[in-house]
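Biologist: I am new to reading structures. Could you walk me through one, feature by feature?

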2 protein chains.
Amino acid sequence: MNIVITGGSGFLGRRLAETLLERGVLHRADGRDAPINRITLVDVVPAPGLADTRIRQITGDAADRQLLERAIDAETTSIFHLAAVVSGQAEADFDLGMRVNLDASRHLLEVCRHYGQRPRVVFTSSVAVYGGDLPATVPDSLAVTPQTSYGTQKAMAELLINDYTRRGFVDGRSLRLPTISVRPGRPNAAASSFASGIIREPLNGETSVCPVGAATRVWLLSPRTVIECFIAAHDIDGAKLGANRLLNLPGMSITVGEMVASLERVAGPDVAARIRFEPDPRIEQMVATWPGELAATRARELGFPSDKNFDEIIRRYIVEARIGAPQ
Amino acid sequence: MNIVITGGSGFLGRRLAETLLERGVLHRADGRDAPINRITLVDVVPAPGLADTRIRQITGDAADRQLLERAIDAETTSIFHLAAVVSGQAEADFDLGMRVNLDASRHLLEVCRHYGQRPRVVFTSSVAVYGGDLPATVPDSLAVTPQTSYGTQKAMAELLINDYTRRGFVDGRSLRLPTISVRPGRPNAAASSFASGIIREPLNGETSVCPVGAATRVWLLSPRTVIECFIAAHDIDGAKLGANRLLNLPGMSITVGEMVASLERVAGPDVAARIRFEPDPRIEQMVATWPGELAATRARELGFPSDKNFDEIIRRYIVEARIGAPQ
């Protein structure tokens with residue numbers, strides 16, 4: 001069993017690779033576990049700290065079809081397509097977003113089609129496909145209304161995944177990811193970057209500037225749980241999903257104010273006091289268009305894991321940051 | 001005011017060109033009527049019978065960016081993007097469908113972006129973006145679930161139109177077209193071709209084979225009304241539409257059996273007897289995934305025209321076929 005992870009050097013890609021290496025097995029097409037022989041990571045930079053003979057790294061542009069042809073071969077049974085340009089960057093550079101978020105996905109699906117092996121493809125979409133005037137809780141059946149180029153590109157790629165699956169070119173699954181928190185490392189250009197920054201920086205003894213108000217509602221999932229969702233989505237029998245391969249992942253709905261209160265409970269008032277609220281209209285506007293809560297009925301019914309308690313997520317982050325989980 | 005019509009040699013493209021020539025004016029950006037100086041038709045074959053000095057014809061592949069660069073220029077204020085590969089053909093030739101239904105739309109939007117004139121772009125999408133298990137009446141807010149590559153490609157292009165509009169590259173409007181009946185001419189590769197064939201062929205003294213059952217429900221609009229909808233969609237103030245440029249056009253919901261009864265009332269039982277029912281599972285399956293009725297609430301509220309009476313549509317077709325309206 002050979003697995004490809006695009007965006008393999010990103011936080012989620014590396015964490016997925018480590019989890020798969022530990023796990024050692026993954027479902028094959030017949031639904032039985034098979035040993036993982038090789039994991040190919042594709043990214044613009046190599047992933048450090050993955051010393052395992054099963055790891056192969058290919059460095060370059062995920063929107064370069066030749067690169068994907070080197071990464072994906074006739075032995076590739078599973079692909080986790082995580083490579084993306086984040087929301088803020090796709091908004092700032094329209095062409096780059098189209099190339100990485102849309103064209104790379106299309107090239108990847110075309111390479112799979114070429115080999116005819118019908119690999120399982122787990123694609124990471126985003127709740128940013130929703131936007132504008134939304135009901136308090138977004139049902140699975142609601143039309144997408146992206147208000148960012150990032151959300152538009154993700155929604156287009158979801159449509160491709162469904163059609164390539166229907167035509168038998170791949171066996172796809174699109175997961176609409178909530179905001180992931182707490183991410184380790186440094187802030188990035190995602191408009192949702194603050195959702196990790198307001199926890200991570202204060203715990204590191206640094207000030208964190210929160211660009212959105214305390215009442216802002218976030219649909220959130222922890223790194224550990226989203227990786228479990230990736231594997232659950234991979235392993236599920238395609239027949240259970242039918243023609244529609246879309247899943248709104250079951251996050252938890254929490255306000256920024258509640259996140260700050262969690263941090264205060266877990267790490268004390270001095271740590272929580274390191275958050276400074278400085279509204280940034282550009283980011284506030286983007287975040288305001290995203291849904292604060294989704295029903296995620298289908299994913300829940302299929303038994304996808306979720307998080308219940310943000311205090312618990314912070315505690316786990318503190319332990320993982322100390323033991324040096326992928327940064 | 002210079003107008004571009006892609007798919008300009010098709011039935012709707014020609015009919016639109018003729019209607020615009022007769023009309024002589026169209027709204028410009030400030031909402032006031034301006035005289036039409038030139039209409040550029042783009043299609044794989046030239047349109048016959050449009051002898052008017054305002055008509056310019058460019059022949060070639062609508063997915064060829066150079067061709068679109070010749071057709072669209074800095075003077076282009078309005079584009080009607082009708083060029084498409086129909087449902088049956090896009091299902092039979094996946095790559096052709098992707099190229100014409102998706103890539104041509106993207107090239108067209110890119111050329112508009114290049115000129116920076118922000119033209120009004122009326123894009124013809126389709127109710128084929130819906131499919132699968134649908135409510136009896138599809139609300140505007142329902143998520144798209146295309147079950148054909150054609151529907152997928154149209155849904156992707158709609159997303160592009162919305163995002164290019166949001167970014168100020170164009171001033172777009174996407175219309176989800178019902179099945180159009182009665183189309184003149186000959187059967188084509190559209191799965192919905194029967195909806196015209198069962199009226200047109202019997203009126204011509206020919207037998208028509210209907211590949212779907214009499215109980216099949218069709219969401220339908222007449223050629224005259226859909227052209228009125230194109231012009232209404234063009235002329236509406238973009239501010240009235242806001243960020244979401246999608247409109248489900250208000251068709252009429254009618255069964256194939258009711259269409260046959262209409263034909264019998266208008267043309268007599270001998271004519272209606274020329275319809276032979278021979279189910280074709282491939283076509284039945286495609287048509288069964290399309291919605292039989294849509295609420296089309298938004299388009300109705302915006303005052304878009306509709307049809308009420310299929311007898312009337314047949315009578316009008318008979319008159320137009322006799323006087324040689326565009327075939």
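Biologist: How many residues of chain B are in contact with chain A?

Modeller: 18 residues of chain B are in contact with 18 residues of chain A. On the chain B side, helix 5 (residues 149-166) gives the most, with 7 residues. By class, that side has 8 nonpolar, 8 polar and 2 charged residues.

Biologist: Why do the copies meet through the same surface?

Modeller: Compare the two lists. 100% of the interface residues of chain B are also interface residues in chain A, so the copies meet through the same surface.

Biologist: Now the sheet. How do strands pair?

Modeller: Strands of a sheet pair through backbone hydrogen bonds, parallel or antiparallel. In chain A, 3 strands form an open sheet in the order 9-11-13, with mixed pairing. Strand 9 (179-180) and strand 13 (252-255) of chain A each have a single partner strand, so one side of each has no neighbour in the sheet.

Biologist: How many bridges join strand 11 to strand 13 of chain A?

Modeller: 4 bridges join strand 11 (residues 217-221) to strand 13, and the two run antiparallel. In one of them, W219(A) has S253(A) as its bridge partner.

Biologist: What about confidence?

Modeller: Where pLDDT is low, the predicted coordinates should not be read in detail. Chain A averages a pLDDT of 95, and 98% of its residues score at least 70. For the complex, the predictor gives an ipTM of 0.95 and a pTM of 0.95.

How values were computed: Residues are numbered from 1 along each chain as its sequence is written. Chains are lettered from A and ligands numbered from 1 in the order in which they are written. This is a predicted model: local features need pLDDT of at least 70, side-chain atom pairs count only at pLDDT 80 or more; totals for chains, interfaces and linings use all residues. Two strands pair if DSSP finds at least two bridges between them. pLDDT is the predictor's confidence in each residue, from 0 to 100. Two residues are in contact if their C-beta atoms, placed from the backbone, lie within 7 Å. Ala, Val, Leu, Ile, Met, Phe, Trp, Tyr, Cys and Pro count as nonpolar, Asp, Glu, Lys and Arg as charged, and the others, Gly among them, as polar.
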